[in-house]
Amino acid sequence: MKKGLRLFSMLFVAIMTVLLISACSSGGEVSVGIVLPTKDEPRWVQDEERFKEALEDSDYTTEILFSQGSSAKEKENIETLINKGIDVLIVAPHDAGAAGAGVELAKEEGITVISYDRLITDTDAVDYYVTFDSIAVGEAQGQYLIDNAEGTGNPLYLYAGAASDNNAFLFFEGAWNVLQPKIADGTFVIANSSEAEALQDKAELTRDELGKILGQVTTEWDPNEAKNKAQTHLTAVGADLKGDVSILAPNDGTARSIADVFASDGEVTNYVVTGQDAEKASIQYVIDGKQSMTVFKDVRTLVEDAMGMAVDVLDGDTPETTGSYDNGSIDVKAKQTDVIVVDQENVQSELIDSGYYEADEFEGLD
Ligand code: BGC
């Protein structure tokens with residue numbers, strides 16, 4: 001009798017499991033859709049990995065799609081996820097403005113939209129924004145150049161991200177906040193941007209003014225474009241703008257290719273170059289003394305914040321926010337995370353001892 005009961009209950013559980021699985025797979029199966037800009041940059045592959053780690057034990061189903069640097073693909077991805085019944089959409093837009101069309105479709109379906117790392121602009125169809133403090137990223141890069149420059153007349157090479165990314169403006173604005181007074185007092189001489197030179201006495205730049213400089217020194221977030229620009233700049237300048245130089249590079253991918261160009265110029269005796277993202281290849285560059293610093297943005301925190309918000313929404317709670325960002329249409333409630341400067345001095349403590357990376361992923365760590 002007891003045996004029969006056990007068999008019956010085992011059968012019952014098995015049937016219920018089958019029923020549950022088939023219910024899940026017939027529509028409404030994905031609760032949270034995640035759309036990332038491109039697989040071609042390690043930064044976003046890092047985000048994918050960290051999302052997967054964070055979701056291992058989650059009860060909610062998620063799907064991550066990449067837009068491969070195309071706004072059309074991004075919109076298609078959003079449509080795919082809407083059709084899978086998502087309740088929350090997390091998007092790091094390829095192009096801030098163009099992403100509006102996709103998230104508006106999601107909003108029409110009652111989906112909660114979270115802008116991830118990059119702000120989606122000029123639409124009211126964004127509910128929340130999780131981000132790092134991007135002004136602080138630029139300030140940290142600029143300050144590093146200041147702290148490592150000696151005397152006056154140091155040639156300063158400026159590079160920026162893509163103008164289609166709101167962050168590129170914030171990073172440059174942050175850098176300008178600290179560098180401008182040091183350009184005005186003669187510590188630095190701008191080497192590669194007539195637009196920045198024309199504005200060098202202005203402490204605060206308008207969006208249009210920033211846009212003019214970005215138009216001249218953008219890397220489009222593309223290491224090849226960064227390399228071409230750096231080569232063009234070094235070909236155009238005389239020996240007086242070489243020697244010991246300072247380079248504002250917006251992120252790690254572009255920093256490595258700009259650094260390679262400067263390293264191969266016989267008239268450049270020393271260069272200090274910034275970066276951001278703590279990409280593995282750049283951590284090796286920092287260890288090898290080929291890249292001076294990177295700004296470490298702990299993607300684990302950003303993922304945790306984004307998923308925390310998503311789960312709050314799914315549970316019917318209101319996510320906690322710490323401020324807001326004007327996206328040109330509305331003030332988007334935001335949660336912001338701090339950043340950490342990493343160079344040879346603290347690479348071990350910040351990235352290895354903290355468990356972010358494994359020591360054996362690098363060579364030459366002491
Ligand atoms: C991100 C950076 C990244 C860059 C290029 C920015 O919006 O904040 O971490 O390096 O885009 O993908």
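Residues are numbered from 1 along each chain as its sequence is written, and side-chain values use heavy atoms, with hydrogens and water left out. Because the model is predicted, local features need pLDDT of at least 70 and side-chain atom pairs count only at pLDDT 80 or more, whereas totals for chains, interfaces and linings use all residues.

The C-alpha trace of the chain spans about 95 × 50 × 30 Å along its principal axes. The secondary structure comprises 13 helices and 13 strands; helices (H or I, at least four residues) and strands (E, at least two) are DSSP runs, numbered from the N terminus. Of the 366 residues in the chain, 51% are buried, where buried means under 20% relative accessible area, exposed over 50%, and partly exposed in between (1.4 Å probe, protein chains only). Among contacts (heavy atoms within 4.5 Å) with a separation of 6 or more, 71% are between residues 24 or more positions apart.

The chain is divided into domain 1 (31-126 + 299-336) and domain 2 (134-297 + 342-361), with bounds that come from an automatic or database domain assignment. Their C-alpha centres lie 29 Å apart. Contact between the domains involves 15 residues of domain 1 and 15 residues of domain 2. The two domains bury about 1300 Å² between them, 37% of it on carbon and sulfur atoms; this buried area is the accessible area (1.4 Å probe) that two parts lose on being put together, summed over both.

Helix α2 (residues 42-55) has 14 residues and reaches 20 Å from its first C-alpha to its last. This is close to the expected 20 Å, the expected span being 1.5 Å times one less than the number of residues.

Four strands form an open sheet with parallel pairing, in the order β7-β6-β8-β9; two strands pair if DSSP finds at least two bridges between them. The edge strands, β7 (188-190) and β9 (268-273), each pair on one side only. Neighbouring strands are turned by 35° against each other on average, direction ignored. Strand β6 (residues 154-158) is joined to β7 by three bridges, and Pro155 stands opposite Val189 in β7. Helix α5 (residues 134-147) lies across β6, β7, β8 (243-248) and β9, running at about 165° to β8. Axes are lines fitted to C-alpha atoms, for helices over the stretch in contact, and angles run from 0 to 180 degrees between N-to-C directions.
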